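Student: Can you walk me through this structure? I'd like to go contact by contact.

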Amino acid sequence: MTVHGEREIVPAVDKAEAARVLADFTAGYTKAYRALDPALVDRVETGALAEIGRADVTAQRKLLPKGNPRYPALELRDARFAIPKSAGWPKFFVADTLSNRDANRWLVVFTRDGAKEPWKAAYLTLHAPGTVPAFETDADGRAEAVPVRAGRPSGLALDPAAVAGAYTGFLRTGEGDVFAPDLATTQLRADRAKIARTPTFWTDWIDTPEEAPGYPPLALRTTDGGAVVFFTAHHREKRTMAKGVRPAVTDQRTKSLLTGRLTTAITFTRVSESAVRVPTKGTAGGRVRFLNRIESLIAAKGE
């Protein structure tokens with residue numbers, strides 16, 4: 001009997017294959033950072049994570065044109081897999097791991113866009129020990145994917161597909177009480193306000209929510225009925241210098257990614273990948289809370 005992944009509700013992957021996917025990712029990641037080759041990043045990563053990886057190796061290659069063969073191999077161990085059942089594409093699963101880089105739990109979210117497509121890592125978020133939410137599982141140990149398509153009820157205070165737009169809207173206006181006060185919300189706006197207008201430059205921001213097909217939001221149900229949602233946003237920051245002041249760049253990563261000519265302004269483009277906890281609909285005082293947010297510079301352009 002042929003099982004059609006686009007129609008049947010089936011597990012995204014079995015645990016044995018999930019372990020192989022994780023091993024292939026760590027090997028590919030190490031190879032890319034040793035060769036400092038963006039094309040190798042694209043073999044094992046996609047979405048926001050790939051954008052960060054490509055910028056990383058591009059910037060490092062400016063300093064190490066022959067690569068970095070001594071780059072320490074990435075190791076991910078103690079893997080706990082959250083594998084949901086789902087119909088259609090993309091399919092995904094989460095690997096909750098320990099790394100040889102720090103004491104955090106690394107949650108790596110792998111996605112696959114079709115039966116003939118490879119698994120790639122789309123999100124990586126870091127969580128202090130003991131802070132990873134407990135995911136809901138059925139009698140077979142399978143996790144529960146939360147619907148993200150418009151029109152499909154999620155039972156959440158905010159549907160997964162709406163999280164990125166709500167977040168970038170909050171960054172723009174500061175209005176609403178969807179998100180809990182946090183470094184990624186109220187504090188980020190406060191930090192921006194400090195450099196919005198200075199004697200030497202003024203700053204404007206454009207925050208863009210990202211979604212399918214390139215950056216699909218993905219969500220897993222938690223044991224309390226809520227969900228962990230992974231999502232992407234882009235952030236463009238333009239600094240325009242006061243008359244008579246020329247922009248200067250001292251940060252090495254920015255120098256390596258810089259294009260154009262620095263005369264009167266510079267635009268920084270960053271990408272963020274986030275994991276948030278969304279409560280169930282109707283939860284008293286329930287707000288979306290950030291579990292982790294990683295933001296990284298991926299481009300800089302002088303004007």
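Tutor: Let's start with two helices. H4 passes H5 in a right-handed crossing. Keep in mind that this is a predicted model.

Student: What angle do the axes of H4 and H5 cross at?

Tutor: Roughly 40°. The axes come within 9 Å. H4 covers residues 160-173 and H5 covers residues 186-196.

Student: So what do we call that arrangement of H4 and H5?

Tutor: The angle makes H4 oblique to H5.

Student: Which residues make the contact?

Tutor: From H4, they are Tyr167, Phe170, Leu171, Arg172 and Thr173. From H5, they are Thr186, Leu188, Arg189 and Arg192.

Student: Now H1 and H3. At what angle do they pack?

Tutor: About 30°, with the axes 9 Å apart. That makes H1 roughly parallel to H3.

Student: Which side chains or backbones touch there? I mean, which residues of H1 and H3 make the contact?

Tutor: H1 brings Ala32, Tyr33 and Ala35. H3 brings Gly53, Asp56, Val57, Gln60 and Arg61.

Student: Why flag that?

Tutor: Because most residues other than glycine have a negative phi.

Student: Is Leu36 buried or exposed?

Tutor: Buried. Its relative accessibility is 1%.

Student: Switching to aromatics. How many aromatic pairs are there?

Tutor: The count comes to 15 aromatic pairs. One of them is Phe25 with Phe110.

Student: What is the geometry of Phe25 and Phe110?

Tutor: Edge-to-face. The centres are 5.7 Å apart, with 80° between the planes.

Student: Which elements does that pair tie together?

Tutor: Phe25 lies in helix H1, residues 15-35. Phe110 lies in strand S5, residues 105-112. So the pair ties together parts that are 85 residues apart in sequence.

Student: Are Phe25 and Phe110 buried or exposed?

Tutor: Both are buried.

Student: Give me another pair. How about Tyr29 and Tyr71: what is their geometry?

Tutor: Tilted. The centres are 6.5 Å apart and the planes are 50° apart. Tyr29 is in helix H1. Tyr71 is in the loop between helix H3 (47-63) and strand S2 (76-82). That links distant parts of the chain, 42 residues apart. Tyr29 and Tyr71 are buried.

Student: Which residues form the aromatic cluster?

Tutor: Phe25, Tyr29, Tyr33, Tyr71, Phe81, Phe93, Phe110 and Trp119 form one cluster. Tyr33 also turned up in the H1 contact with H3.

Student: Now charges. How many salt bridges does the whole structure have?

Tutor: The search finds 15. Among them is Asp140 with Lys85, where the closest N and O atoms are 3.8 Å apart.

Student: Where do Asp140 and Lys85 sit?

Tutor: Asp140 is in the loop between strand S6 (120-127) and strand S7 (143-144). Lys85 is in strand S3, residues 84-86. They are 55 residues apart. Asp140 is exposed, at 58% relative accessibility. Lys85 is partly exposed, at 31%.

Student: What about Arg270? How far is it from Glu237, N to O?

Tutor: 2.8 Å, in a salt bridge between the side chains. Arg270 is in strand S12 (residues 265-278), and Glu237 is in strand S10 (residues 227-241). The two are 33 residues apart. Glu237 counts as buried, at 7% relative accessibility.

Student: Which residues are in the salt-bridge network?

Tutor: Glu237, Arg239, Arg270, Arg293 and Glu295 are linked.

Student: And Lys238? Which residue does it bridge to?

Tutor: Glu303, with the closest N and O atoms 3.4 Å apart. Glu303 lies in the segment after strand S13 (289-302), and Lys238 is in strand S10, so the pair ties together parts that are 65 residues apart in sequence. Glu303 is partly exposed, with a relative accessible area of 35%. Lys238 is partly exposed too, at 31%.

Notes: Residues are numbered from 1 along each chain as its sequence is written. This is a predicted model: local features need pLDDT of at least 70, side-chain atom pairs count only at pLDDT 80 or more; totals for chains, interfaces and linings use all residues. Side-chain values use heavy atoms; hydrogens and water are left out. Rings of Phe, Tyr and Trp (its six-membered ring) pair if their centres lie within 6.5 Å; planes under 30 degrees apart count as stacked, over 60 as edge-to-face and the rest as tilted. Helices (H or I, at least four residues) and strands (E, at least two) are DSSP runs, numbered from the N terminus. Buried means under 20% relative accessible area, exposed over 50%, partly exposed in between (1.4 Å probe, protein chains only). A salt bridge is a side-chain nitrogen of Lys or Arg within 4 Å of a carboxyl oxygen of Asp or Glu. Axes are lines fitted to C-alpha atoms, for helices over the stretch in contact, and angles run from 0 to 180 degrees between N-to-C directions. Angles under 35 degrees count as roughly parallel, over 145 as roughly antiparallel, 65 to 115 as roughly perpendicular and the rest as oblique. A crossing is left-handed if the near helix is turned anticlockwise from the far one by less than a right angle, and right-handed if clockwise. Contact means heavy atoms within 4.5 Å.
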